[in-house]
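User: Please take a close look at one helix in this model. I would like to know how its residues are placed and what lies against them.

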Amino acid sequence: MAFPGVPLMLLVGALARIPGSEGGKETPAHFLLQAKEECLFLNGTQRVRYLFRETYDRQEIFRFDSDYGEFEAVTPLLQPDVDAWNRDKHRLQIMKSQVNLCRHNYEAAQTGQVVGRRAKPTVTISPTKMDPASPNTILLCTATGFYPVEIEIQWFKNGQPEKEGVAFGEELQNGDWTYQLQVMLETQPQQGELYTCKVEHASLEAPITVQWEPRSSSSARSKLWTGVMGAVIGAAFLAVGLFSYLKSKKATPIQPPAALMN
């Protein structure tokens, strides 16, 4: 029975013949014979388990488990081969000794800061609209640059957990042993509301919280914009009218008093 650990996997050469290859028969090109080794650790190297599995056409055909100490046939076709391998004490000794190789690889990975490595996430909130005509806003909480992959992200509205409208993306690998994850919240933000994204991770002593609040509601922004445009247009008409009045006053000749004309 498997137990939690750190798997180290390696593709190796096959030990068994390919089923269907007897008698000169050709194996279809899309069939794959694959061998995989796994090292499983519990409490560091306190307990180490070595597994060797071989699959053909996505079906496991035989395995070696260091806890069991012998080869095991998963399909009847491989039983004769497995019986022969188990009679070969030298072969069995080599397979059992792979546990020591697992321990060596663990220590090398620990020295290279692979085992126990921690990287803190960077958390940001970005609002966006999928449909300009919709009153809904999409709030994206993005955590990036974290390791290991396990992380918990929660949305809160005015201090209360939000469940409706929440959607989780998939953890994406950044290619540098770190990950990123986005969690979306679809909502209708109102002025005075406070939205919080809370992130918990093994690299953090305390959760990271990032807050966002709408500056104003959509209706308030619309009214403000209408008022500003009205004021600008009114000022423009006033300037044109004043300019026309001053121009007409300047163009009208000054008439002498009637007494001087008689």
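Analyst: In this predicted model, helix H1 runs over residues 79–87, and Asp-81, Val-82, Trp-85 and Asn-86 are its buried residues. Seen down the axis of H1, these residues fall within an arc of 130°, so they line one face of the helix. The face turned away from that buried side carries Pro-80 and Arg-87, which are exposed. The cover over the buried residues of H1 includes two strands, S4 (59–65) and S5 (71–73), together with helix H2 (89–96).

Of its 262 residues, 28% count as buried. Among contacts with a separation of 6 or more, 53% are between residues 24 or more positions apart. The accessible surface comes to about 17,700 Å², and carbon and sulfur atoms account for 56% of that area.

His-201 is in strand S13, which spans residues 195–201. His-201 has a relative accessible area of 8%, and because buried means under 20%, this residue counts as buried. Not counting residues up to four places away in sequence, His-201 touches Ala-119, Pro-121, Phe-146, Tyr-147, Pro-148, Glu-150 and Ile-151. With Glu-150 there is also a polar approach: a polar atom of the His-201 side chain lies 3.4 Å from the backbone oxygen of Glu-150.

Technical notes
Residues numbered from 1 in each chain as written. Predicted model: local features only at pLDDT ≥ 70, side-chain atom pairs only at ≥ 80, totals over all residues. Heavy atoms only, no water. Buried < 20%, exposed > 50% of the residue type's maximum accessible area, 1.4 Å probe, protein only. Contact = heavy atoms within 4.5 Å. Areas by Shrake-Rupley, 256 points an atom, 1.4 Å probe, with all protein chains shown as cover. Helix = DSSP H or I, 4+ residues; strand = E, 2+ residues; numbered from the N terminus. Polar contact = N/O pair within 3.5 Å; in protein donor to acceptor, adjacent residues only side chain to side chain. Arc of directions from axis to C-beta.
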